[in-house]
Amino acid sequence: MAFYVYILQCCDGSFYTGYTKDLDARTRQHQNGKGARYTKAHKPQRLAYTELHDSRGQAMKREREIKKLSHQQKQDLINLQNKK
């Protein structure tokens, strides 16, 4: 089963990172204020980045790695994907 790691860019310029098996449903949850405590306070503006993984374990590991990145490193990751 496929799992996604994603980064949402919030209205205040901050980033939220998460993982899910249903990207569309999860982003709708965030937009409706039901996704996570962070995105309730920091309204998501757009889906900025996604990665596809073969297992939940891989997605969770990658989510932890991305969460440890600085804001600029996350921005660089997003920019790199947008250039492809």
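Guide: Happy to! We begin with a term: a residue counts as buried when its relative accessible area is under 20%. Keep in mind, too, that this is a predicted model.

Now for glutamate 51. Its relative accessible area is 14%, so glutamate 51 is buried. This residue forms a salt bridge with arginine 62, and the closest N and O atoms of the two are 3.0 Å apart. The pair links distant parts of the chain: glutamate 51 belongs to strand 3 (residues 44–53), while arginine 62 sits in helix 3 (residues 56–67), 11 residues apart.

Arginine 62 has another partner. Its side chain also meets that of glutamate 65 in a salt bridge, at 3.2 Å from N to O. Glutamate 65 and arginine 62 are three residues apart in helix 3, so about one helical turn separates them. How open is glutamate 65? With a relative accessible area of 37%, glutamate 65 is partly exposed.

Lysine 67 forms a salt bridge with glutamate 63, with 3.3 Å between the closest N and O atoms. These two are four residues apart in the helix, and therefore about one helical turn separates lysine 67 from glutamate 63. A search of the whole structure finds three salt bridges.

For a look at another kind of setting, turn to strand 2 (residues 15–20), where threonine 20 is found. Five of the six residues of strand 2 are buried, so this strand is largely enclosed by the rest of the structure. Threonine 20 is buried, with a relative accessible area of 11%. Its side chain reaches the backbone nitrogen of aspartate 22 at 3.1 Å. Beyond its neighbours within four places in sequence, threonine 20 is in contact with Phe3, Tyr4, Tyr6 and Arg26.

Strand 2 also has a pairing partner. Six bridges join it to strand 1 (residues 3–10), and the two run antiparallel. Across this pairing, glutamine 9 stands opposite phenylalanine 15. The two strands form a hairpin with four residues between them, and in the turn glycine 13 has a positive phi of about 90°.

Notes
Residues are numbered from 1 along each chain as its sequence is written. This is a predicted model: local features need pLDDT of at least 70, side-chain atom pairs count only at pLDDT 80 or more; totals for chains, interfaces and linings use all residues. Side-chain values use heavy atoms; hydrogens and water are left out. Buried means under 20% relative accessible area, exposed over 50%, partly exposed in between (1.4 Å probe, protein chains only). A polar contact is a pair of N or O atoms within 3.5 Å; within protein, one must be able to donate a hydrogen and the other to accept it, and residues adjacent in sequence count only if both atoms are side-chain atoms. Contact means heavy atoms within 4.5 Å. Two strands pair if DSSP finds at least two bridges between them. A salt bridge is a side-chain nitrogen of Lys or Arg within 4 Å of a carboxyl oxygen of Asp or Glu.
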